[in-house]
Amino acid sequence: MRKIVILMIAGLALLLFSCASPPEQPEQPVDTTVALPEKELEEAKSLKTRVDDNGLSEFAAEEYQQAESSLQEGQGAYGKDNAKAKTALDAAIASYRAVISKAYPLWVDRSKAEVDTIKTKAEQIKAQVAMKQEYGAAKAKYEEAVAAKDAGNFEQAISLFAEAKTLFQDVYQKTKQKKEAAEAEIKSAQDGIKEAEEKAKAADEEIQGGGA
Amino acid sequence: MKKTILFGLLILALLLAASSAAAQSLLDNPDYKKAVELQRQGEAAYAEGDYDKAKEYSEQAKIYLERSNAYVENRLLIYRANSLLKSAQERVSYFKSVGVQPDYQGYLDQAEKDLASARAAYEAERYQESIDYSKKVLAGIAVMKTVQAK
């Protein structure tokens, strides 16, 4: 009898053991061997802000896409697979830097071209004579910007070109106003001369014709 | 003979001077000339881009044109006043010389008074007033003439 009970318990235990689900696999352990790439994340974000705030992406679209994708990947792996995150963030940093180094010279060129356009317009209406002093100040700023560009100081050049553009726009507008005012006055005096001549001619005819 | 030639030359010179004066235009006055010169300077300044100067020159030109116009108007007024005064004087002299019927002596007296006023106004350079008096004289004389013709 005792043997039967033991056999039954053993059989039940065997049955229970055979029906149980396999044991759960343990969670993948956090990679603690590589430190969190905090500096890389911070730098990548900072570069992104610089690029976005200055609208540089349009000058290097491909590099910008790569940078964005790498940053996303780095942020996804951050704290989970730090080695992978660091690699992705390093790539993002490199791509953002590529955007910056490609965009600034192009941006400077565009800035210069914009100033050249308004400068030419101002010169066409002789702003250099009409507003000598103001034109001189704008031109000095322009030359300063060109020097910064030539020296490779692109950010400074862009800022100086923006100032020169504002100055030239002001010079152009004011010169245009002066030109129009002079034209109106000259036209008015021309009409006055014509009118005076007609009056005098009529008077001459009356006097020489002897009529009263 | 020599005297005759000299006299002839003198007459010729006078005739030339008279014809030149008659052909002279009222535009031949310093204000008009100055205005034209200023306008020329204004246009030159404009071409150079000195718009402030250009405007200034043309503004000045207009001031001189106003003066020129005033001169022309004044010369014309003097001419009209003078012509009418002469006509009025001739008509009054004529009626005085031929005499008028006693009934119309009052018209002649009034015409003489108006003529004196016209002359005084002319001498005082009040030309419009002189013109008005001369016209009054001529209107009065016109009535007298009609009456006398009857």
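## Helix packing, cores and chain contact in the predicted model

Helix 6 of chain A passes helix 7 of chain A in a left-handed crossing. The model is predicted. The axes of these two helices lie 8 Å apart, and the packing angle is about 160°. Angles over 145 degrees count as roughly antiparallel. Helix 6 and helix 7 of chain A are therefore roughly antiparallel to each other. On helix 6 of chain A, the contact is made by A:Glu134, A:Tyr135, A:Ala137, A:Ala138, A:Lys141, A:Tyr142, A:Glu144, A:Ala145, A:Ala148 and A:Lys149. Helix 7 of chain A contributes A:Phe154, A:Gln156, A:Ala157, A:Leu160, A:Phe161, A:Glu163, A:Ala164, A:Leu167, A:Phe168 and A:Val171. By class, this contact has 14 nonpolar, one polar and five charged residues.

Helix 6 of chain A also meets helix 4 of chain A. Helix 4 spans residues 82-124, and helix 6 spans residues 132-150. Their axes come within 11 Å and cross at roughly 155°. Helix 4 and helix 6 of chain A are therefore roughly antiparallel to each other. The crossing of helix 4 of chain A past helix 6 of chain A is left-handed. From helix 4 of chain A, the contact takes A:Val108, A:Lys112, A:Val115, A:Lys119 and A:Ala122. From helix 6 of chain A, the contact takes A:Tyr135, A:Tyr142 and A:Lys149. Five of the contact residues are nonpolar, none is polar and three are charged.

Helix 4 of chain A packs against helix 3 of chain A as well. The angle is about 155°, with the axes 7 Å apart. Helix 3 and helix 4 of chain A are therefore roughly antiparallel to each other. Helix 3 of chain A passes helix 4 of chain A in a left-handed crossing. The helix 3 side of this contact in chain A comprises A:Glu63, A:Tyr64, A:Gln66, A:Ala67, A:Ser70, A:Leu71, A:Glu73, A:Gly74 and A:Ala77. Among the residues on the helix 4 side of chain A are A:Ala88, A:Leu89, A:Ala92, A:Tyr96, A:Val99 and A:Lys102. The contact residues divide into 12 nonpolar, four polar and four charged.

The largest nonpolar core has 64 residues. Within this core, A:Tyr96, A:Val99, A:Ala164, A:Phe168 and A:Val171 touch the most other members. Chain A elements that give two or more residues to the core are helix 2 (38-53), helix 3 (61-77), helix 4, helix 5 (127-130), helix 6 and helix 7 (154-209). Helix 7 of chain A gives the most, with 17 residues. Leaving aside neighbours within four places in sequence, A:Phe168 is in contact with A:Val115, A:Ile118, A:Lys119, A:Ala122 and A:Ala138. A second, separate core of 18 residues includes B:Ala81, B:Phe95, B:Ile131 and B:Ile141.

Chain B contains five helices and zero strands. Along the sequence, the pattern of chain B is α-α-α-α-α. Chain B has 150 residues, and buried residues make up 31% of them. Among contacts in chain B between residues at least 6 apart in sequence, 63% join residues at least 24 apart.

The contact between the chains takes 32 residues from chain B and 24 residues from chain A. Helix 2 (30-48) and helix 3 (51-98) of chain B each supply at least two residues of the chain B side. Helix 3 of chain B gives the most to that side, with 18 residues. The chain B side divides into 15 nonpolar, eight polar and nine charged residues.

B:Gln39 is found in helix 2 of chain B. The cut-off for burial is 20 or more other C-beta atoms within 10 Å. B:Gln39 has 23 and is therefore buried. Not counting residues up to four places away in sequence, B:Gln39 touches A:Ala189, A:Gln190 and A:Ile193, as well as B:Tyr57, B:Ser58 and B:Ala61. B:Gln39 and B:Glu59 are 20 residues apart in sequence and 8.7 Å apart in space, C-alpha to C-alpha. B:Ser87 is found in helix 3 of chain B. B:Ser87 is partly exposed, with 16 other C-beta atoms within 10 Å. B:Ser87 and B:Lys135 lie 48 residues apart in sequence and 9.4 Å apart in space, C-alpha to C-alpha.

How values were computed. Residues numbered from 1 in each chain as written. Chains lettered and ligands numbered in written order. Predicted model: local features only at pLDDT ≥ 70, side-chain atom pairs only at ≥ 80, totals over all residues. Contact = placed C-beta atoms within 7 Å. Helix = DSSP H or I, 4+ residues; strand = E, 2+ residues; numbered from the N terminus. Nonpolar A, V, L, I, M, F, W, Y, C, P; charged D, E, K, R; others polar. Axes fitted to C-alpha atoms, helices over the stretch in contact; angles between N-to-C directions. Parallel < 35°, antiparallel > 145°, perpendicular 65-115°, else oblique. Left-handed = near helix turned anticlockwise from the far one by under 90°. Core = buried A, V, L, I, M, F, W, Y, C linked by C-beta atoms within 7 Å. Buried ≥ 20, exposed ≤ 12 C-beta atoms within 10 Å, placed from the backbone.
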